[in-house]
Amino acid sequence: MVVLSRPATLDRFSDLIKTCKPTSLFAGIPVVDLSSANAKHRIVRACEEHGMFKVINHGVPLDFMTTLEAQALKFFNLPQSEKDKAAPADPFGYKSKRIGPNGDVGWIEYILLSTNLDDISHKSLPIFKENPEIFRDAVEDYITAVKNMTFEVLEMVADGLGIDQRNVLSKLLKGEKSDSCFRLNYYPPCPELRALSGRSLIGFGEHTDPQIISVLKSNNTSGLQISLKDGTWVTVPPDQTAFFINVGDCLQVMTNGRFKSVKHRVLADTQSSRVSMIYFGGPPLSEKIAPLPSLMAEGEESLYKEFTWSEYKKSAYRSRLADNRLGLFEKSAAVMLSNSQF
């Protein structure tokens with residue numbers, strides 16, 4: 001009998017090696033054509049059933065997408081000593097392997113940026129010492145276009161839910177005080193995985209996104225997986241010309257659980273690198289998060305305690321990735337029963 005030993009290069013990352021059931025590409029991801037007359041209804045249905053959908057005919061220029069991806073790869077392919085000059089993240093900047101402050105790690109490198117254009121300019125200098133304006137312009141062009149598309153999607157959500165004030169969600173991301181961020185992810189290939197028959201390397205561990213909404217674009221390397229309602233993990237087919245939109249924890253609360261924030265993770269590939277770019281749309285820090293009154297039926301109880309985005313953000317970033325972050329803000333069954341008696 002031949003015993004396969006773990007490659008030495010992975011010894012420090014033994015916690016990332018998991019036995020994951022192999023999955024084929026999942027054909028059930030809802031596809032929404034933003035130019036379609038029924039887009040708003042398809043978006044709502046997708047948010048209810050999967051917490052995720054793919055967007056086509058989104059209006060974001062392809063050259064914005066390819067230019068930024070090329071700039072990101074230019075940085076991630078630098079020698080490690082050069083990339084380390086853009087570290088440590090504070091929280092914005094470059095990080096490798098470590099995700100957050102609580103011990104989570106992954107087979108990943110990333111750049112985290114604010115969506116504030118002045119902050120982008122400031123952080124461009126250590127990331128690209130030569131011609132930082134090229135990187136800055138690529139990020140600004142991309143983020144501006146993606147934000148406009150996101151505002152449109154959120155207004156379609158409001159329309160699809162029958163809310164009269166169609167900017168009730170989008171206005172939370174449009175203001176100067178919006179606490180949004182942007183992350184460029186790079187998952188290096190790991191040829192050593194071939195020796196680990198039947199096991200996988202976690203690039204980014206399972207989690208939900210705490211904000212209102214997240215908008216992801218990747219290259220054509222697979223690896224993104226979502227958890228369905230029955231707990232089954234499935235692989236999302238990549239599409240480098242489309243966007244994948246996730247419901248965040250805050251949007252789950254604002255719809256009183258009608259929408260579900262989707263649990264997702266990324267597995268590393270043996271041969272190809274995966275590059276992804278994610279806009280995380282967050283409200284102002286002082287914004288109170290609670291179910292929207294216009295969505296509540298008469299006598300319907302809120303499933304969640306009211307909180308500010310600042311409170312939830314602090315709580316989320318004190319937790320581990322896989323923790324049920326919303327659990328601390330759910331009203332207990334006992335409290336719900338007590339309230340219903342009065």
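Me: Which residue in strand 11 does lysine 54 stand opposite?

Reply: Lysine 54 stands opposite phenylalanine 244. Bear in mind that this is a predicted model.

Me: In what sense do strand 3 and strand 11 pair, and over how many bridges?

Reply: Two strands count as paired if at least two bridges link them. Here, strand 3 (residues 52–56) and strand 11 (residues 243–247) have four bridges, in the antiparallel sense.

Me: What is the order of the strands in the open sheet?

Reply: The order is 2-3-11-8-13-6-5-4, eight strands in an open sheet with mixed pairing. At the edges are strand 2 (31–33) and strand 4 (93–99), each pairing on one side only. From one strand to the next, the twist averages 25 degrees.

Me: Which strands does helix 1 touch?

Reply: Helix 1 (residues 39–49) packs on the sheet and touches strand 2, strand 3 and strand 11. The direction of helix 1 makes about 160 degrees with that of strand 2.

Me: And helix 2: which strands does it lie across?

Reply: Helix 2 (residues 62–76) lies across strands 4, 5, 6, 8, 11 and 13. Helix 2 runs at about 60 degrees to strand 6 (181–187).

Me: Where does pLDDT stay under 50?

Reply: pLDDT is the predictor's confidence in each residue, from 0 to 100. The protein averages 89, and 88% of the residues score at least 70. Residues 1–8 stay under 50, with nine contacts beyond four places in sequence. Residues 333–338 also stay under 50, with four such contacts.

How values were computed
Residues numbered from 1 in each chain as written. Predicted model: local features only at pLDDT ≥ 70, side-chain atom pairs only at ≥ 80, totals over all residues. Heavy atoms only, no water. Helix = DSSP H or I, 4+ residues; strand = E, 2+ residues; numbered from the N terminus. Axes fitted to C-alpha atoms, helices over the stretch in contact; angles between N-to-C directions. Contact = heavy atoms within 4.5 Å.
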